[in-house]
Amino acid sequence: MPPTGRLASRESTPSATEPLKGDEFLCRTMTSVGTADASPGTVDTGRLEVGETRDGSTFGLPVAVAGPLHDGDELNGVGVVRRVVPRIDPDELAGTVIVVGVVNYHAFQVAEHRNPIDDTKMNRAYPGDENGTSSERIAAATYDVARNADLVLDLHQGSTSRMIDEVRVRCGRRHRLHTQCLDLAKTFGCGYVLDQKGPDGQLARVAPSDGVPAVDPELGGAVGWDEASIAKGVEGVFNVLRGYDFLSGDPGIEAQTRAKTFDQYGSPVGGLVRFHHDLGDRVSADETLFEVTDVFGELKARITADNDGIFWRSRRLPQVATGEYVCSVGKTVDTY
Ligand SMILES: [Zn+2]
């Protein structure tokens, strides 16, 4: 049985009278979100109103109904949405795809990571509070849609370092929906999965507790607008649409490389870093990960891996101070 069979069959007989199932929120029934109202066979875009900006203008999040989420500086998710929505042909779609194109509205306006209104990371605010802080209200408005979906893809980008393209499973390995979330990550299929319980307030951790399988694809590091990562994200969304029978066709499910935790490495000295690996390389315990030289090329330190694993994430710029973050190795690696 394909790993997606369970969910695909669960809702295989859509009913037009079912309540909204809906973050990229994939659901089975055509519906409206905010001012976007898609009758069967159409795609519509509009706004999901949340509140007012500081000058009193009302603002709403851009939404499309026919079917992601991200932080304010994580633009690859927007890159995916921009390409996915025009490619969805509602005539070929079984079910509804609801897309919230920009969730961290205020941060997006100023190209920052945190919501500047309350200095909060959006993805710590779920399930939100409709009477709460700015971020909590946005979380509540979007979660109201997400909790009724059959599946949630919460598109993100990693930190301001170079990072592997990965899908994060955040519900925790003992969660009752863990297998469904792992299946969803495998179907998205960008090659790497981090299977580690997330912090409180993450959408991909909260939604499974309401019975909705959810994953958090991290499309590269948040160091810009990265074509290769966007392309993987687009492919991943269509893999899911096919794998869960929203679209016909073969999702092309392949084994994923999974890590359950990380070793993080900092620099013991100041200087310039030289890596010995590319992202995705296998590393063995005691193998050199990186060297630090002074500006004239003299070797100051050589840092070796503590454990076997995969070179997962690395700093973007070469210069480091003592104690500064350098790289991460994913460990307890397997394939599934
Ligand atoms: Zn994020």
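Residues are numbered from 1 along each chain as its sequence is written. Because the model is predicted, local features need pLDDT of at least 70, side-chain atom pairs count only at pLDDT 80 or more, and totals for chains, interfaces and linings use all residues.

Helices (H or I, at least four residues) and strands (E, at least two) are DSSP runs, numbered from the N terminus. Two strands pair if DSSP finds at least two bridges between them. Find the open sheet of 4 strands, in the order 18-17-15-20, with antiparallel pairing. Strand 18 (299–304) and strand 20 (319–320) are at the edges; each has a single partner strand, so one side of each lacks a neighbour in the sheet. Now select residues 271–275, which are strand 15. Leu272 stands opposite Gln319 of strand 20.

Select strand 4 (residues 44–52) and strand 5 (residues 58–65). They run antiparallel, joined by 8 bridges. Gly46 has Val63 in strand 5 as its bridge partner. The hairpin has 5 residues between its strands. In the turn, click Gly56: its phi is positive, about 90 degrees.

**Stop three: two helices.** Select helix 5 (residues 178–188) and helix 7 (residues 227–243). They pack at about 120 degrees, with axes 7 Å apart. Axes are lines fitted to C-alpha atoms, for helices over the stretch in contact, and angles run from 0 to 180 degrees between N-to-C directions. Show Leu184, Thr187 and Phe188 of helix 5, then Gly236, Asn239, Val240 and Gly243 of helix 7: they make the contact (C-beta atoms, placed from the backbone, within 7 Å).

Terms used
Contact = placed C-beta atoms within 7 Å.
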